[in-house]
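Visitor: Please pick one part of this model and go through it closely. Give the cut-off for each term where you use it.

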Amino acid sequence: MATDQPGPATEPAALPAPRRTQRVSMAHVARLAGVSSQTVSRVSNGHPGVGEETRAQVLTAMKQLGYRPNSAARALKRGEFRTIGVILFTLATTGNVRTLEAIATSAANEGYAITLIPVTAPTQDGVRGAFTRLGELAVDAVIVIMEVTLADVDVLPLPPHVQVVVADSNAGDRYSVVDTDQAGGTREAVRHLLDLGHRTVWHISGPAESFAAQRRARAWRATLEEAGREVPPMAAGDWSAESGYRAGLLLARNPECTAVFAANDQMALGLLRALHEAGRSVPHDVSVVGFDDIPEAGSFPPPLTTVHQDFAEVGRRCVAGVLRKMREEHAPERGTTLVPTHMVIRHSTAPPPPAAAG
């Protein structure tokens with residue numbers, strides 16, 4: 001006759017392995033590891049209050065079952081996604097690529113990922129669409145690398161409750177901006193050439209819509225005017241070596257041109273080619289200064305004198321800025337932080353020929 005007395009203690013029945021189409025849950029991991037779901041949650045979240053042996057059991061069960069913690073659910077619970085969105089308009093320029101690399105590295109060091117949203121057209125609709133996509137992807141903050149003037153935007157259409165830092169912009173009266181000291185670097189470049197004895201300095205500018213190009217062109221002109229020197233006609237470029245080459249072909253024909261400040265190193269490279277083809281020696285006939293100090297600048301023929309800008313520091317300060325806004329209640333809402341530049345003197349500059357000295 002059957003009785004109600006319990007039999008010998010037995011191990012709990014193993015949880016059936018989930019089918020391939022079934023999502024592995026925390027309960028599956030807890031049953032396999034022989035712990036509670038709360039313990040699995042603590043291990044998933046890196047909670048320190050779990051013994052090493054128990055943690056190892058849980059991690060082994062996770063690996064065996066192929067369990068991946070639901071980071072989105074955890075983020076919603078914490079109100080934090082550990083992700084920084086980055087909006088930018090082009091990856092074709094050296095500065096943007098190097099700034100983006102620094103942002104990604106700095107974010108990773110702080111335990112954040114980045115989500116990249118390129119904007120195909122610098123218009124209000126383009127920027128609004130990018131912010132909409134970032135909202136759908138759930139980010140904690142946004143860095144905008146806005147190196148060009150937006151065609152129809154006076155104020156960025158920012159989503160509510162998202163902290164924003166802007167890189168390379170003139171919008172410090174409205175947003176937190178991080179930028180290279182474009183004007184300071186340009187003044188140093190022009191003064192270097194004037195101090196060598198050149199009567200004046202010609203300039204190959206970047207594209208008209210670029211904030212950096214605008215600031216460098218204004219500082220070039222202002223430095224010459226302050227020194228009481230003639231301001232030559234400005235040659236327009238587009239950041240490319242080809243545009244520097246085309247401008248250089250024109251400048252090479254002018255015997256009065258003994259010094260040129262190119263708004264970036266790539267255009268300086270094109271200029272060097274044009275001067276070489278025209279039979280004008282650098283630096284004996286014409287001195288050339290660039291801007292950026294790209295890794296190849298020291299290998300140009302001749303090695304290029306240039307203005308070094310610290311793209312890595314710009315990226316680091318952008319990440320530090322958005323994190324400060326997230327963490328500090330009274331963090332600054334606007335203002336511009338300038339990252340210093342410095343001259344790197346190589347072999348593309350020298351005093352002018354005696355007949356052309358100022």
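Guide: Apart from neighbours within four places in sequence, leucine 249 has contacts with Ala274 and Glu277, where contact means heavy atoms within 4.5 Å. This is a predicted model: local features need pLDDT of at least 70, side-chain atom pairs count only at pLDDT 80 or more, and totals for chains, interfaces and linings use all residues. Residues are numbered from 1 along each chain as its sequence is written, and side-chain values use heavy atoms, with hydrogens and water left out.

Leucine 249 sits in helix 9 (residues 241-252); helices (H or I, at least four residues) and strands (E, at least two) are DSSP runs numbered from the N terminus. With a relative accessibility of 31%, leucine 249 is partly exposed; the scale calls a residue buried under 20% relative accessible area, exposed over 50% and partly exposed in between, using a 1.4 Å probe and protein chains only. Between the C-alpha atoms of leucine 249 and glutamate 277 there are 8.5 Å, and the two residues are 28 apart along the chain.

Helix 9 also holds a charged pair. Arginine 246 and glutamate 242 form a salt bridge, with 3.8 Å between the closest N and O atoms; the term requires a side-chain nitrogen of Lys or Arg within 4 Å of a carboxyl oxygen of Asp or Glu. The two residues are four apart in helix 9, and therefore about one helical turn separates them. Arginine 246 is partly exposed at 44%, and glutamate 242 is partly exposed at 40%.

Six strands make up an open sheet of mixed pairing, in the order 7-6-8-9-10-12; two strands pair if DSSP finds at least two bridges between them. Strand 7 (235-236) and strand 12 (341-344) are the edges, and because each has a single partner strand, one side of each lacks a neighbour in the sheet. Helix 8 (residues 211-226) packs on this sheet and touches strand 6 (202-205), strand 9 and strand 10; its direction makes about 170 degrees with that of strand 6. For such angles, axes are lines fitted to C-alpha atoms, for helices over the stretch in contact, and the values run from 0 to 180 degrees between N-to-C directions.

Strand 9 (residues 287-292) and strand 10 (residues 305-309) run parallel and are joined by four bridges. Aspartate 292 faces histidine 308 of strand 10. Aspartate 292 belongs to strand 9 and is buried at 7% relative accessibility. Its phi is near 135 degrees, positive although the residue is not glycine. Aspartate 293, in the loop between strand 9 and strand 10, has a positive phi as well, about 60 degrees. Aspartate 293 counts as buried, at 11%. As background, most residues other than glycine have a negative phi, and most peptide bonds are trans.

One runs from proline 301 to proline 302, with omega about 0 degrees; proline 302 is in the loop between strand 9 and strand 10. Another runs from valine 282 to proline 283, with omega near 10 degrees, and proline 283 is in the loop between helix 10 (265-277) and strand 9.

Arginine 215 is in helix 8 and aspartate 179 in strand 5 (residues 176-180), so the pair ties together parts 36 residues apart in sequence. Arginine 215 is buried at 14%, and aspartate 179 is buried at 4%.

Another salt bridge links arginine 55 to glutamate 52, with 3.9 Å between the closest N and O atoms. They are three residues apart in helix 3 (residues 52-65), about one helical turn. Arginine 55 is buried at 15%, whereas glutamate 52 is exposed at 61%. The structure has eight salt bridges.

For the chain as a whole, the secondary structure comes to eleven helices and twelve strands. Of its 358 residues, 47% are buried. Among contacts with a separation of 6 or more, 70% are between residues 24 or more positions apart.
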